[in-house]
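Here are a few exercises to work through with the model open beside you. Try each task before reading its solution.

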Amino acid sequence: MGTISLKKVRKAFGDVVIIPGADLDIKDGEFIVFVGPSGCGKSTLLRLIAGLEDMTSGKIEIDGHDVTDVAPAGRELAMVFQSYALYPHMSVRNNIAFPLKMAKVDKGEIEKKIAHAAEILNLTEYLDRKPGQLSGGQRQRVAIGRAIVREPKAFLFDEPLSNLDAALRVNMRVFIMQLHKNLATTMIYVTHDQVEAMTMADRIVVLNKGTIEQVGSPLELYNKPRSLFVAGFIGSPKMNFISGKEAAQLDAHTIGIRPEHIDVTASKGLWNGTILLAEHLGSDSFLHVDASDAGRLVVRAPGEFAGKPGDKISLKPVSDRLHRFDSAGLALARG
Amino acid sequence: MARKQSTRRTIVLTAVAWTIGILLFFPIFWTAVAAFKTESDAYTLPQNFLTTPWTLENFGIVQERSDYLRYIFNTSVIVILSTLLGLLLAIPAAWSMAFAPQAEATSKLSGWTWLAIILASLVICFLGLYFTDWKPANAFVGIVLLLIFVVPASLWAWTRRTHDGLLWMLSTKMMPPAGALIPIYLIFNRNGLVFKDWGWINLSDYNIMDSFWGMVPLMTLLNLPIIIWMLFTYFKEIPVGILEAARMDGASLWNELARVLTPMALPGIASTCLLNLILSWNEAFWSLNLTNKYAAPLSFFISEYSSPEGQFWAKLSAASIMAIAPILVIGWFSQKQLVRGLTFGAVK
Amino acid sequence: MATRQAQALGRLALAPSVIALAAWSFVPLALTIYFAFLRYNLQDPDNTGWAGFSNFYYFFKDPYFLKDLINTLLLVGSVIVTTVVGGVLLALLLDQPFWGRGIVRLLMISPFFIMPTVSSLVWKNLIMHPVFGLLAGIQRLFGAHQPIDWFGTYPRFSVALIVSWQWLPYAALILLTALQSLDEEQKDAAAMDGAPPLSYFYHIVLPHLARPITVVILIETIFLLNIFAEIKVTSVGGFAGNLTYLVFSQLNDATDVGMAAAGGLVAVVLANIVSAFLVRMVGKNLEA
């Protein structure tokens, strides 16, 4: 089991409020991703769940038990740190065995579990090395190994992939997703990378300045962002925002349209503009367009699109993909 | 051209540096030479140190006459036990200061309030002493009065924020021994002095003057501030995430300290031990004042050679070499690590 | 940031050390204050009682007090000047490339590891002895018939010489470490700018060393105020004694606990003035 619920969790250092009050229910076996720009409080929230920091007020329950005053060791959670936090003086074997030794598991059992974890993680031949002799990816796997042998109620990942190079990051991403599928244990994963969030999560929690902006499945967030912030944060390239006269025509303070939801037409579009810059990625082309009234827009065109800077084009938004926001930045109902 | 100039420069520098180095080292070298000469040759050393024969006899005689082995045993006992005791106290303290620092004082009282409380407790003690005629014949009364004084003082030190606590510890190292000599001397030497009589137990049976029971804790206290400081600076370099990982892994405080922190900080702990070793090996003030036989360390052993009848130079030299050789070698090996401890982290 | 639980554990872990050090620093001090106001002579056990300020009065009136106070300041001052100036020069020298740097460094640092009782006896007997000493031998080599009796004629200088010899390596080692942290690029930039050695030293090196020199001065002062073994072992206490020695002799020779305690308090006050500065210096550099 591994349900976690946060009730009015608040964290402040003196007058500086990090998290004003968060409510969240995490279901057993769910893969939850906390995402947000740096400094949004996502790591703090994770550390509060881990028990590595105190809440100022509020309550955290794991499997229905109040763990607010329980030390990290007693919460039966496992954590994978950004820096891996491996014990440098212990071999890989002892690193993985450490939590089991602390739980006083008997020796034969420990051996079995290490062997099993090493096999899953492809670490069998490195078991007697010290962390200093391993590559970044291997260290990452040891950190994961140390977490899984405990069979915790939930795994906490604190930006685990940010120290890896791009290729390895994709591999590890897939690996962690498979791990989740096999173990079916609750996982909470913190990242600032919205691509990671979109690809991995069952549900995403978007944080902004310590406040939970929206909780939902990746597609929910993509299709129905509840605020300007979520709309701008999820999706790549960013959603285009247009305010002023164009927005007022639609009874909104700001309207948003994703680059992929704007069609390029030869004429009779809603907006006319000039191409400033064209990024040809092969599969797609991203056009930066100066559309006088609407301002500067990014538009996705097919890969074979042949426009070059200076060309005049006409743009037509897919009307049911237009997002409208009020002056407070909250989404308005589709109208 | 430039190459040539720099070679000449190196030659000059080498000559100057070696001259100064040899000059500074010379007294030690000279002692070593005298230690291997016969007693009569030692007196005419400047004239003929190359022509006279070499001998090992002095070392044997020193051992025979003044029992060198017993003194080096005493020194070792004091140095090793006090270092271990110091580590036992200092590792948890330095852990606490490095990883669970107190940003604010835990008590709401201001510094002046504390000062008033401590001074008031002192006055209470003095009044107590006054009404017992300034003569705490019953040591029990004395001890109770001292507790009245020590408890608020400890609480004050204990509740300070870590920054101030560290500085306070440093300041205790700066107390001149002359200020503490009298009470320590009288506490150690209970024969006919203060604190003799507890009423039901005669303390003079438990005289700790000239005993390991007195010297080991004393030496620990002398160097505890330095040990804590040095360990603190080493612990600060260990990423806190690793200790947090241990906590997540279910480690108790004891396991966190014994199985994660201590092994990781081993090099730092080793240099701390070395510095402590050197300082307590060479300690002279307390050793000369508080020991004379049973627990006397090497610094006392050497001072015995200052008396006029003990002025046999070859033996003095042999004894000196025997007293300094172990620590000199240790010092050579650890000199680079010592700077941090010798400046309380103010120079790195 | 640690949790309340970790913090509570931390307080607990700190307690033994704090109690030990509080007892060590407060109890003797309180007792010294207590004894300083007491008539208490070990050889006159019947004469006891409240002494008021008479211990201080007689301590200050003791002709040795003024002399030993001056000796204390002279010793501290002369040794500090010698070791700091010598230390800077040595550090500059050791920072240069030459052959056998490691060995020279070991030779220079060695005096610091010698126990004070040993260095006192070695200097007094083997080096500075008026008849058989090394210096006497050298003087005779230059034709002197009556070599100088160092400890007889210049006791203060002799003690200062021994102590300087012991502390010069300390200053040199600290300053060398500081010197080596001087930015290589800054050195190169100065060389590119064509700064002549003296002005380079004055404008770049000396400012960089200002802080470590202050630290060395303060720490040496603390230790030098308490010089004891060098004076006792060479038996020059009557001529070159310092305050620490005076307190010792009040206790040991005059067996006057009250007077000795009063003297001890004077030493405490003197040391506290210096340590206040040192603590502030260290505190500025401390991240905690």
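**Exercise 1. Find how many helices and strands chain B has, and what share of its residues is buried.**

Start with the secondary structure of this predicted model: chain B holds 16 helices and zero strands. Next, turn to burial: of the 348 residues in chain B, 58% are buried. Then look at the contacts in chain B with a separation of 6 or more: 73% of them join residues 24 or more positions apart. Finally, check the surface: chain B exposes about 14800 Å², and 69% of that comes from carbon and sulfur atoms.

**Exercise 2. Work out how helix 4 and helix 8 of chain C are oriented to each other, and which residues meet.**

First locate the pair: helix 4 of chain C spans residues 101-109, and helix 8 of chain C spans residues 155-180. Their axes come within 9 Å and cross at roughly 140°. Angles over 145 degrees would count as roughly antiparallel, and 65 to 115 as roughly perpendicular; the two helices are therefore oblique to each other.

Now for the side facing helix 8: helix 4 of chain C contributes C:Arg105, C:Met108 and C:Ile109. Across from them, helix 8 of chain C supplies C:Pro169, C:Leu173, C:Leu176 and C:Gln180. Sorted by class, this contact has five nonpolar residues, one polar and one charged.

**Exercise 3. Describe the contact of chain B with chain C, then that of chain B with chain A.**

Take chain C first. The contact involves 106 residues from chain C and 123 residues from chain B. Between them the two chains bury about 10300 Å², with 79% of it on carbon and sulfur atoms. On the chain C side, C:Arg11, C:Trp24 and C:Phe113 lose the most area to chain B, together 8% of what that side buries.

Now move to chain A. Here 15 residues of chain B are in contact with 22 residues of chain A. The buried area is about 1600 Å², 66% of it on carbon and sulfur atoms. In chain B, the residues that lose the most area to chain A are B:Met248, B:Asp249 and B:Arg259, together 45% of what that side buries.

**Exercise 4. Decide why helix 13 of chain C can be called largely enclosed by the rest of the structure.**

Begin by finding helix 13 of chain C at residues 243-252. The buried residues are C:Leu243, C:Thr244, C:Tyr245, C:Leu246, C:Val247, C:Phe248, C:Ser249, C:Gln250 and C:Leu251. That is nine of the ten residues, so helix 13 of chain C is largely enclosed by the rest of the structure.

How values were computed: Residues are numbered from 1 along each chain as its sequence is written. Chains are lettered from A and ligands numbered from 1 in the order in which they are written. This is a predicted model: local features need pLDDT of at least 70, side-chain atom pairs count only at pLDDT 80 or more; totals for chains, interfaces and linings use all residues. Side-chain values use heavy atoms; hydrogens and water are left out. Helices (H or I, at least four residues) and strands (E, at least two) are DSSP runs, numbered from the N terminus. Buried means under 20% relative accessible area, exposed over 50%, partly exposed in between (1.4 Å probe, protein chains only). Contact means heavy atoms within 4.5 Å. Accessible areas come from the Shrake-Rupley method with a 1.4 Å probe; for residues, only the protein chains shown count as cover. Axes are lines fitted to C-alpha atoms, for helices over the stretch in contact, and angles run from 0 to 180 degrees between N-to-C directions. Angles under 35 degrees count as roughly parallel, over 145 as roughly antiparallel, 65 to 115 as roughly perpendicular and the rest as oblique. Ala, Val, Leu, Ile, Met, Phe, Trp, Tyr, Cys and Pro count as nonpolar, Asp, Glu, Lys and Arg as charged, and the others, Gly among them, as polar. Buried area is the accessible area (1.4 Å probe) that two parts lose on being put together, summed over both.
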